[in-house]
Amino acid sequence: MRKTFLIFFVIITCLGCQESKEHKIDEAIFDFENFGRAPEATEKHPINEVIKIFFDEWTFDDPYEPIAIDIKNNEVYVNPSINIRGFRADDSFQINDPEKVFEILEKYEVQSWKRDYTFEDPETYQDGYSWSLWLQFADGTVEKHSGEGTDAEKLTPDNFQEFAKELRSFVEEKLENADY
């Protein structure tokens, strides 16, 4: 009897440890540094389920100024970057109107954008243009939109420049008024 109880206790304990590990792994996908490893969204989510947004554009001629917004925690990151080493930012500051981000995303219908606008092989050119917009939802999944190549107009949706300008203006305005 005692041996059966001991085996039962060990099995239950091990199952509890396994659940605890899985829970920690699941929570990690909500960190910006794990954005790239989060599962891809396979269905359309309501825009108000977006909890994080990462947007960047890169061209050889302009400074790299990505945007990272944690809508769930009302936070905007200053000079963020996501790369192989993880997520970094110089600082962060609080915002009091994250619903404005929803309005911008909805206004430009970003969820109707194609996933990939790339039309040429990146090996065929050197100094091109690239952009990406990643939206993370409350379930941890990420919807990714991007493009890279040599012709920015062909690599972006019709309303892309207006979207980028409005999102940047939102962040710049918040940064000017931030207490960080």
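**Close-up views of a predicted model**

View 1. Tyr64 sits in the loop that joins strand S1 (50–59) to strand S2 (67–70). Strands (E, at least two residues) and helices (H or I, at least four) are DSSP runs, numbered from the N terminus. The model is predicted, so local features need pLDDT of at least 70 and side-chain atom pairs count only at pLDDT 80 or more, while totals for chains, interfaces and linings use all residues. Residues are numbered from 1 along each chain as its sequence is written, and side-chain values use heavy atoms, with hydrogens and water left out. Tyr64 counts as partly exposed because its relative accessibility is 37%; buried means under 20% relative accessible area, exposed over 50%, and partly exposed in between (1.4 Å probe, protein chains only). Together, Trp58, Phe60 and Tyr64 make a nonpolar surface patch of about 330 Å². Areas come from the Shrake-Rupley method.

**View 2. The largest nonpolar core.** A nonpolar core is a set of buried Ala, Val, Leu, Ile, Met, Phe, Trp, Tyr and Cys residues joined through side-chain atoms within 4.5 Å. The largest one has 33 residues, of which Ile69, Leu105, Trp113, Leu133 and Phe163 touch the most other members. Two or more residues each come from S1, S2, strand S3 (75–78), helix H2 (99–107), strand S7 (129–137) and helix H3 (160–176). H3 gives the largest share, six residues. Another core, of 12 residues, lies apart from this one and includes Phe32, Ala38, Phe54 and Trp134.

**View 3. Around Ile69.** Beyond its neighbours within four places in sequence, Ile69 is in contact (heavy atoms within 4.5 Å) with residues including Phe32, Ile51, Val101, Leu167 and Phe170.

**View 4. Aromatic pairs at Phe160.** Rings of Phe, Tyr and Trp (its six-membered ring) pair if their centres lie within 6.5 Å; planes under 30 degrees apart are stacked, over 60 edge-to-face, and the rest tilted. The count is 13 aromatic pairs. Phe55 and Phe160 form a tilted pair, 5.8 Å centre to centre with 50° between the planes. Phe55 is in strand S1 and Phe160 in helix H3, so this pair ties together parts 105 residues apart in sequence. Both residues, Phe55 and Phe160, are buried. Trp113 and Phe160 are also tilted, with ring centres 5.9 Å apart and planes at 50°.

How values were computed. Patch = residues over 30% accessible without salt bridge, like charges linked within 9 Å, V, L, I, M, F, W, Y side chains within 5 Å. Areas by Shrake-Rupley, 256 points an atom, 1.4 Å probe, with all protein chains shown as cover. Salt bridge = Lys/Arg side-chain N within 4 Å of Asp/Glu carboxyl O.
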